[in-house]
Amino acid sequence: MIVAIDGPAGAGKSTAARLLADRLGFSYLDTGAMYRALTWLALENGVVLEDEEALASLARTHPVSFEDGHVEIAGRDVTLEIREARIDHAVSAVARHQVVRQIMRERQQQLAHAGDAVLEGRDIGTAVCPDADVKVYLIADPDERARRRGGQRPEARLDETLTDLRLRDELDAVQMQQAPDARLVDTTHLDVEDVVALLVAMVEERGRG
């Protein structure tokens with residue numbers, strides 16, 4: 001079974017998807033982390049982020065892998081590095097290249113179909129796994145999204161975080177679309193356990209169907 005969880009940054013995708021996968025015994029695939037890992041590798045190698053072919057070559061040569069909750073690329077565990085602010089500011093420039101997205105999608109599909117999986121990102125239900133058994137699109141109020149992101153980076157001011165999220169949404173608008181058959185869930189006033197319980201119920205219902 002494949003569970004697709006999409007939505008903007010700060011909507012609660014990563015935490016909910018990780019907990020859901022743990023609860024169900026599924027593998028967890030953070031597709032955004034894959035783009036972040038490629039962005040990190042590009043910056044480390046001095047690759048110009050507008051150079052689509054150079055980025056595509058990196059993506060082909062160094063496929064991202066997940067091991068015990070860690071993100072690896074080019075033989076390096078980059079789980080912590082990919083959450084730095086510099087990656088936040090650069091990842092959309094990498095992810096908007098269509099050739100790069102195609103390479104990443106093929107890798108994501110390969111990982112997703114290896115067994116039961118929970119995938120989260122921005123275009124899982126529409127492009128990566130349009131045949132997913134369960135599709136969810138999480139949203140939240142912008143202020144709540146900024147508060148959650150700020151909790152991950154205490155050094156950032158709320159107004160700066162709000163601006164970063166707005167710019168990220170604008171850059172990701174083409175990819176960030178709700179699948180017609182995805183269930184829309186507003187997490188603004190829900191804690192993560194409420195969200196996970198809802199997702200578990202959806203998976204169980206689909207399994208019974």
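This briefing describes selected helices, loops and side chains of one protein model. The model is predicted, so local features need pLDDT of at least 70 and side-chain atom pairs count only at pLDDT 80 or more, while totals for chains, interfaces and linings use all residues. Residues are numbered from 1 along each chain as its sequence is written, and side-chain values use heavy atoms, with hydrogens and water left out. Helices (H or I, at least four residues) and strands (E, at least two) are DSSP runs, numbered from the N terminus.

**Helix α2**

- Helix α2 covers residues 31–44, which makes 14 residues.
- From its first C-alpha to its last, α2 reaches 20 Å, close to the 20 Å expected at 1.5 Å a residue. The expected span of a helix is 1.5 Å times one less than its number of residues.
- Eleven of the 14 residues of α2 are buried, and the helix is mostly covered. Buried means under 20% relative accessible area, exposed over 50%, and partly exposed in between (1.4 Å probe, protein chains only).
- The buried residues of α2 are T31, A33, M34, Y35, R36, A37, L38, T39, W40, L41 and A42.
- At the start of α2, a side-chain oxygen of D30 comes to within 3.1 Å of the backbone nitrogen of G32.
- After α2 comes G46, which has a positive phi near 70°.

**Packing of α2 and α3**

- Helix α3 (residues 52–61) packs with α2 at an angle of about 115°, and the two axes are 10 Å apart. Axes are lines fitted to C-alpha atoms, for helices over the stretch in contact, and angles run from 0 to 180 degrees between N-to-C directions.
- L38, L41 and A42 of α2 make the contact with L55, L58 and A59 of α3. Contact means heavy atoms within 4.5 Å.
- By class, this contact of α2 with α3 has six nonpolar, no polar and no charged residues. Ala, Val, Leu, Ile, Met, Phe, Trp, Tyr, Cys and Pro count as nonpolar, Asp, Glu, Lys and Arg as charged, and the others, Gly among them, as polar.
- An α-helix has 3.6 residues a turn, so residues three or four places apart point the same way.

**Buried positions in other helices**

- Helix α4 (residues 85–95) is largely enclosed by the rest of the structure, because eight of its eleven residues are buried.
- Those buried residues of α4 are I87, D88, A90, V91, S92, A93, V94 and A95.
- Q108 belongs to helix α5 (residues 98–112). Q108 counts as buried because its relative accessibility is 1%.
- Residues up to four places away in sequence aside, Q108 touches L29, T31, M34, Y35, L119 and V128.
- R145 sits in helix α7 (residues 142–152). With 5% relative accessibility, R145 counts as buried.
- The side chain of R145 reaches the backbone oxygen of A9 at 2.6 Å.

**H70 in strand β4**

- H70 is placed in strand β4. At 34% relative accessibility, H70 counts as partly exposed.
- Apart from its neighbours within four places in sequence, H70 is in contact with S65, D77 and T79.
- The side chain of H70 makes a polar contact with the side chain of D77 at 2.9 Å, and another polar contact joins the side chains of H70 and T79 at 3.5 Å. A polar contact is a pair of N or O atoms within 3.5 Å; within protein, one must be able to donate a hydrogen and the other to accept it, and residues adjacent in sequence count only if both atoms are side-chain atoms.
- H70 and A33 are 37 residues apart along the chain, and their C-alpha atoms are separated by 10.0 Å.

**Loop residues**

- D68 is in the loop between β3 (65–67) and β4 (70–73). Phi of D68 is positive, near 50°, in a residue other than glycine.
- D68 counts as exposed because its relative accessibility is 77%.
- A74 lies in the loop between β4 and β5 (76–77). A74 is not a glycine, yet its phi is positive, about 55°.
- A74 has 43% relative accessibility and therefore counts as partly exposed.
- M176 is found in the loop between α8 (158–172) and β8 (183–186). M176 is buried, with a relative accessible area of 13%.
- M176 and R122 are 54 residues apart in sequence, and 4.8 Å apart in space from C-alpha to C-alpha.
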